[in-house]
Amino acid sequence: MAELIARSAFQGLLPLRFGNVEAVEVMAATITSVSPFRGQETKVSKALEKAVGVPFPDAGRVIARDDVRAIWTGMGQCFVLGADPGPLPGAAVTDQTDAWGALAIEGTDARAVLARLVPIDLRPDVFAVGHAARTLFGHMACVLTREAGDRYGIMVFRSMAGSAAHELEGAMRKVAARERLQ
Amino acid sequence: MQIDCPFCGARDIREFTYLGHETYIHRPADEAWSDAWNDYLHNRENPAGMTRDLWFHGSGCGAWLVVTRNTVTHEITGVELAREASRHAG
């Protein structure tokens, strides 16, 4: 029997550190997408809260309790990270655990790095802690979250991990280079 | 140019894809060929002024939107979810 060795999405690509910004891979134990069918939103949200302790989040928001997070990921869809909700009557539920590469970027200039890659308003009072956005990371679709003042979470399709690390490294190098000039 | 998505707020044009006039959400009910089908498939106005188009927020929340805009000034005066626009139309 072959012994298979698990490879993480960003293995050999992260961590990266330039200037005051560091990017590290984040491993979620489980990622599950939950999409309530039309008219079932309230029922599914209650069932989800009963199953894993977090309800279905409002658009553009993250709800966290202990190690479980529910991230809004689009119209009528959220991702549950860190706990398997199991089957939820009235919703389409799919396992996404191996489909995404997740990383966290942290540091004083983390926002300046993201501003080179993400076309949304990242000002601290507009994209606040606990907010989530579906947007672009370079040319890739991503799930962006603000986890703390200078800390952001980024999820991209796992197949795009190499491109994401490449784009991120370029932006981090340029921001660090400007910082050195000051 | 930005479109004010009902879910995501004002977002850059690069997150959206254009389909065409909102005619596409008013599909004729009858299965047989008719002038209504001909209009649905082929005939469009080309206004200098207000028009209503379908846009897809594919690099965002995945919503289909009906955007009311002015082809002369590029001003956007309204954005609504296509499924609600469709429901209101019957």
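Predicted model: local features only at pLDDT ≥ 70, side-chain atom pairs only at ≥ 80, totals over all residues.
## Exercise 1. The interface

Task: Find how many residues of chain A and chain B are in contact, and how much area the two chains bury between them.

Solution: 
- Step 1. Count the residues on each side. Chain A brings 11 residues into contact with 14 residues of chain B.
- Step 2. Turn to area. The size of an interface is often given as the accessible area lost when the parts come together. Here chain A and chain B bury about 1000 Å² between them. Carbon and sulfur atoms account for 61% of that area.
- Step 3. Pick out the main contributors in chain A. Met75(A), Pro119(A) and Leu136(A) lose the most area to chain B. Together they make up 48% of what the chain A side buries.

## Exercise 2. What the chain A side is made of

Task: Name the strands of chain A that each supply at least two residues to the side touching chain B, then sort that side by class and look for polar links.

Solution: 
- Step 1. Look for salt bridges. The count between chain A and chain B is 0.
- Step 2. Look for polar contacts. The rule finds 3 residue pairs across the interface, with both residues at pLDDT 80 or more.
- Step 3. Assign the chain A side to strands. Strand E5 (68-74) and strand E9 (132-137) of chain A each supply at least two residues. The largest share comes from E9(A), with 4 residues.
- Step 4. Sort by class. The side of chain A that touches chain B has 7 nonpolar, 2 polar and 2 charged residues.

## Exercise 3. The five-stranded sheet of chain A

Task: Give the strand order of the open sheet of 5 strands in chain A, and explain why one side of each edge strand lacks a neighbour.

Solution: 
- Step 1. Read the order. It is E4-E5-E6-E3-E7 in chain A, with antiparallel pairing.
- Step 2. Find the edges. Strand E4 (62-65) and strand E7 (91-95) of chain A each have a single partner strand, so one side of each is left without a neighbour in the sheet.
- Step 3. Neighbouring strands are turned by 20 degrees against each other on average, direction ignored.
- Step 4. Zoom in on one pair. E4(A) and E5(A) pair in the antiparallel sense over 4 bridges. Val62(A) has Ile71(A), in E5(A), as its bridge partner.

## Exercise 4. Two backbone exceptions in chain A

Task: Locate the cis peptide bond that joins Leu14(A) and Pro15(A), and the positive phi of Asp66(A).

Solution: 
- Step 1. Most residues other than glycine have a negative phi, and most peptide bonds are trans.
- Step 2. Take the bond. Leu14(A) and Pro15(A) are joined by a cis peptide bond, with omega about 10 degrees. Pro15(A) is found in the segment before strand E1 (16-18) of chain A.
- Step 3. Take the phi. Asp66(A) is not a glycine, yet its phi is positive, about 55 degrees. Asp66(A) lies in the loop between E4 and E5 of chain A.

## Exercise 5. Building chain B

Solution: 
- Step 1. Count. Chain B has 2 helices and 6 strands. The C-alpha atoms of chain B fill a box of roughly 40 × 30 × 20 Å along the principal axes.
- Step 2. Start with the hairpin of E1(B) and E2(B). It has 3 residues between its strands. Strand E1 (residues 2-5) and strand E2 (residues 9-12) of chain B run antiparallel, joined by 4 bridges. Asp4(B) stands opposite Ala10(B) in E2(B).
- Step 3. Join E3(B) to strand E4 (residues 50-56) of chain B. They run antiparallel over 4 bridges. His21(B) has Asp53(B), in E4(B), as its bridge partner.
- Step 4. Join strand E5 (residues 64-70) to strand E6 (residues 76-81) of chain B. They run antiparallel over 5 bridges. Arg69(B) has Ile76(B), in E6(B), as its bridge partner. E5(B) and E6(B) form a hairpin with 5 residues between them. In the turn, His74(B) has a positive phi of about 65 degrees.

Technical notes. Residues numbered from 1 in each chain as written. Chains lettered and ligands numbered in written order. Heavy atoms only, no water. Contact = heavy atoms within 4.5 Å. Buried area = accessible area lost by both parts, 1.4 Å probe. Salt bridge = Lys/Arg side-chain N within 4 Å of Asp/Glu carboxyl O. Polar contact = N/O pair within 3.5 Å; in protein donor to acceptor, adjacent residues only side chain to side chain. Nonpolar A, V, L, I, M, F, W, Y, C, P; charged D, E, K, R; others polar. Pairing = 2+ DSSP bridges. Axes fitted to C-alpha atoms, helices over the stretch in contact; angles between N-to-C directions.
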